[in-house]
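Subject: Structure handover

Hello,

Please find below the structure I said I would pass on. My notes on it follow.

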Amino acid sequence: MFYKKPYLEHFELVAVNRIYVLEKMSADDVEVRFELADGTTLNRIYTIIEYSELMIRPPRVII
């Protein structure tokens, strides 16, 4: 899986090394951390259903 990372006037594809849940925000939401190959970390909030779909059928590129 790759992350489409903005860089100046274009984008770079950076590999995602690890994905894990930081915390359960509510009954339906989780905070997820993506660790990228360049050392960057991204925190995103997903519903439980969105997160399970991400793990079952991971996209090639996340935006």
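This is a predicted model, and the notes start with its aromatic rings. The structure holds 1 aromatic pair. The partners are Phe34 and Tyr46: their ring centres are 6.3 Å apart and their planes meet at 70°, so the pair counts as edge-to-face. Phe34 belongs to strand E3, residues 29–36, and Tyr46 to strand E4, residues 41–47. The two are 12 residues apart, and the pair links distant parts of the chain. Both Phe34 and Tyr46 are buried.

Setting aside residues up to four places away in sequence, Tyr46 touches Asp28, Asp29, Val30, Val32, Phe34, Tyr51 and Leu54.

The charged end of Lys4 sits over the ring of Phe11, at 4.6 Å from the ring centre.

Next, the sheet. How many strands form it, and in what order? There are 5 strands in an open sheet, ordered E4-E3-E2-E1-E5, with mixed pairing. E4 and strand E5 (61–62) are at the edges; each has a single partner strand, so one side of each is left without a neighbour in the sheet.

The pairings, going through the sheet from the E4 side, are as follows.

- E3 and E4 run antiparallel and are joined by 7 bridges. Glu35 stands opposite Thr41 in E4. The two strands form a hairpin with 4 residues between them, and Gly39 in the turn has a positive phi of about 95°.
- E2 and E3 also run antiparallel, with 7 bridges joining them. Opposite Val16 is Leu36 in E3, and opposite Arg18 is Glu35 in E3. A hairpin of 4 residues joins E2 to E3.
- E1 and E2 pair in the antiparallel sense over 6 bridges. Lys4, the residue whose charged end sits over the ring of Phe11, stands opposite Leu13 in E2.
- Strand E1 (residues 2–7) and E5 pair in the parallel sense, over 2 bridges. Here Tyr3 stands opposite Ile62 in E5.

The hairpin of E1 and E2 has 2 residues between the strands. Leu8 lies in this loop. Most residues other than glycine have a negative phi. Leu8 is not a glycine, yet has a positive phi of about 50°. Is Leu8 buried or exposed? Its relative accessibility is 75%, so Leu8 counts as exposed.

Helix H1 (residues 48–56) lies across strand E2 (10–24), E3, E4 and E5. Relative to E4, H1 runs at about 120°.

Which residues make up the largest nonpolar core? This core has 12 residues: Tyr3, Val14, Val16, Val30, Val32, Phe34, Leu36, Leu42, Tyr46, Tyr51, Leu54 and Ile62. E2, E3, E4 and H1 are the elements that give two or more residues to this core. The largest share, 4 residues, comes from E3. In soluble globular proteins, nonpolar side chains tend to be buried together. Both members of the aromatic pair, Phe34 and Tyr46, are in the core list.

At 74% relative accessibility, Arg60 counts as exposed. What does Arg60 contact, leaving aside its neighbours within four places in sequence? Its contacts are Met1 and Phe2. Arg60 and Phe2 are 58 residues apart along the chain, and their C-alpha atoms are separated by 6.1 Å.

- The edge-to-face pair of Phe34 and Tyr46.
- Lys4 over the ring of Phe11.
- Leu8, in the loop between E1 and E2.
- Arg60, in contact with Met1 and Phe2.

Regards

Terms used
Residues numbered from 1 in each chain as written. Predicted model: local features only at pLDDT ≥ 70, side-chain atom pairs only at ≥ 80, totals over all residues. Heavy atoms only, no water. Phe/Tyr/Trp six-rings, centres within 6.5 Å; stacked < 30°, edge-to-face > 60°. Buried < 20%, exposed > 50% of the residue type's maximum accessible area, 1.4 Å probe, protein only. Lys NZ or Arg CZ within 6 Å of the ring centre and 35° of its normal. Pairing = 2+ DSSP bridges. Contact = heavy atoms within 4.5 Å. Axes fitted to C-alpha atoms, helices over the stretch in contact; angles between N-to-C directions. Core = buried A, V, L, I, M, F, W, Y, C linked by side-chain atoms within 4.5 Å.
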